[in-house]
Amino acid sequence: MMRVAVIDDEPLARSGVLARLRGCAGIEVVAQYADGGSALRGLGADPPDLVFLDVDMPVMHGIDVLAALAPALRPLAILLTAHEQFAVRAFALNALDYLLKPIDDERFAEALARARNAHRLRHGGPGLATCAPAPFLRTFMVRVGSRSVLVDAGDVAWIEADGDYATLHAGGRQYLVREPLQRLAGRLDPASFVRVHRSAIVRVDQVAELRALPNRDALLCLRDGTPVRASRTYIDTLTAALGHAREA
Amino acid sequence: MIAQLGDFLRATLDAAHGHEHALADELALTQGYLEIEKARLGNRLAVRMKVDPGLLNAPVPFLILQPLVENAIRHGLALRDTRGALDLVITRESARLQISVANDLPAGAAELEPSGARIGIANVGTRLERLYGADHAFAAGRGADGRFQVSIALPLTQAAPPDRMAA
């Protein structure tokens, strides 16, 4: 069980986080605070395991709340913000992640998963669940007209989210797969395929160019000339995979 | 959807507002906008983008593509009841950066486009004139294939440094 507190001066923002947490197993919301001062007193008296913490609060900023707590009492923290400039200081205080408002459901789930792992590690338990992994996808079953066709994963250059489905781009053609991108991401060999954006997965050996953008996202150009955005959340995984690909 | 809209607004507001920025920045911004339109139009909107190698650092006018893409959707693709394609192709032709935006039109589209479409296109033309004077080319209209197409040629001022990844 992970004990969670939610700190935001806006009631609507708090209820947004609470609503998202309601469906999550193993989470107990133990407190809410509407300002930095009362949060500091409350967190000091009864430290939760995890806080969702708004950065832009009047009088006492979210980051000042974290900084004012003794390091041993500092809970795991996921920051909520509409801006991104604070990041360096936040990470010096061991914030786990930050969520840009308005909150994206998928990013929320990722941040919470990160917190669960960190929580397990803090309490000496095993890190990631250790169940036998399913084999990676080698072919995709797609429908072309009335026929079913197999597309080899090795022929796929990139995969694009298409609502609840995904579009494979292979050999200049496009195929619709009736599975959401998020689920595909977990079933592909991470040595070959990397998620680069909430709407795209690319085959690592198809990346021809990478250019950083001012907001720390990046733009990729694939071998076939297709530009694909990569968001900062996924950049580290991508550059690591590109590094491995070049060594191999 | 709301998160996508947030990303797009942040990108347009946060950018250092010079006249020009890198093609990579412009493409990222355009894709952010297209993601919103895709949420709206779903399967009716097919987007194809191609960029020649080594152009991501090339300077282009800030928000030059977005009005063209918006125009292609509002006055072309959104009026169709079947799937239509938007093609954005960026090539290098000697010392020119060539931009082409083409889109399918609704069946039986009238010869004269609505005046709103004309204003958006004319604004882009005026801006290019101010920025580059005689050193650019700009054309818009229906091609022989019946699609609407906008073509722009800009001076490729900066020899793009080789930032290709070694494979």
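1. The model is predicted. Chain A has seven helices and 15 strands. It counts 248 residues, of which 33% are buried. Among contacts in chain A with a separation of 6 or more, 49% are between residues 24 or more positions apart.

2. The contact between the chains. Chain A contributes 22 residues and chain B contributes 23 residues. On the side of chain A that touches chain B, the elements giving two or more residues are strand 13 (207–212), strand 14 (218–222), strand 15 (227–230) and helix 7 (232–247). Strand 13 of chain A supplies the largest share of that side, five residues. Sorted by class, the side of chain A that touches chain B holds eleven nonpolar, five polar and six charged residues.

3. The largest nonpolar core. This core has 66 residues, and those with the most contacts inside it come from both chains: Ile159(A), Val196(A), Ile201(A), Val202(A), Leu220(A), Leu23(B) and Val69(B).

4. Surroundings of Ile159(A). Ile159(A) is one of the residues with the most contacts inside the largest core. With neighbours within four places in sequence left aside, Ile159(A) is in contact with Ala166(A), Thr167(A), Leu168(A), Leu181(A), Leu184(A), Ala200(A) and Ile201(A). Of these partners, Ile201(A) is also listed among the residues with the most contacts inside that core.

5. The five-stranded sheet. In chain A, five strands make an open sheet with the order 10-9-8-12-11, and their pairing is antiparallel. Strand 10 (173–177) and strand 11 (193–197) of chain A are the edge strands, each pairing on one side only. On average, neighbouring strands of this sheet are turned by 25° against each other, with direction ignored.

6. The pairing of strands 9 and 10. Strand 9 of chain A, residues 165–170, is joined to strand 10 of chain A by five bridges, and the two run antiparallel. Where in strand 10 of chain A is the bridge partner of Leu168(A)? That partner is Tyr175(A). Leu168(A) is also in contact with Ile159(A), which ties this point to point 4.

Note on methods:
Residues numbered from 1 in each chain as written. Chains lettered and ligands numbered in written order. Predicted model: local features only at pLDDT ≥ 70, side-chain atom pairs only at ≥ 80, totals over all residues. Contact = placed C-beta atoms within 7 Å. Helix = DSSP H or I, 4+ residues; strand = E, 2+ residues; numbered from the N terminus. Nonpolar A, V, L, I, M, F, W, Y, C, P; charged D, E, K, R; others polar. Buried ≥ 20, exposed ≤ 12 C-beta atoms within 10 Å, placed from the backbone. Core = buried A, V, L, I, M, F, W, Y, C linked by C-beta atoms within 7 Å. Pairing = 2+ DSSP bridges. Axes fitted to C-alpha atoms, helices over the stretch in contact; angles between N-to-C directions.
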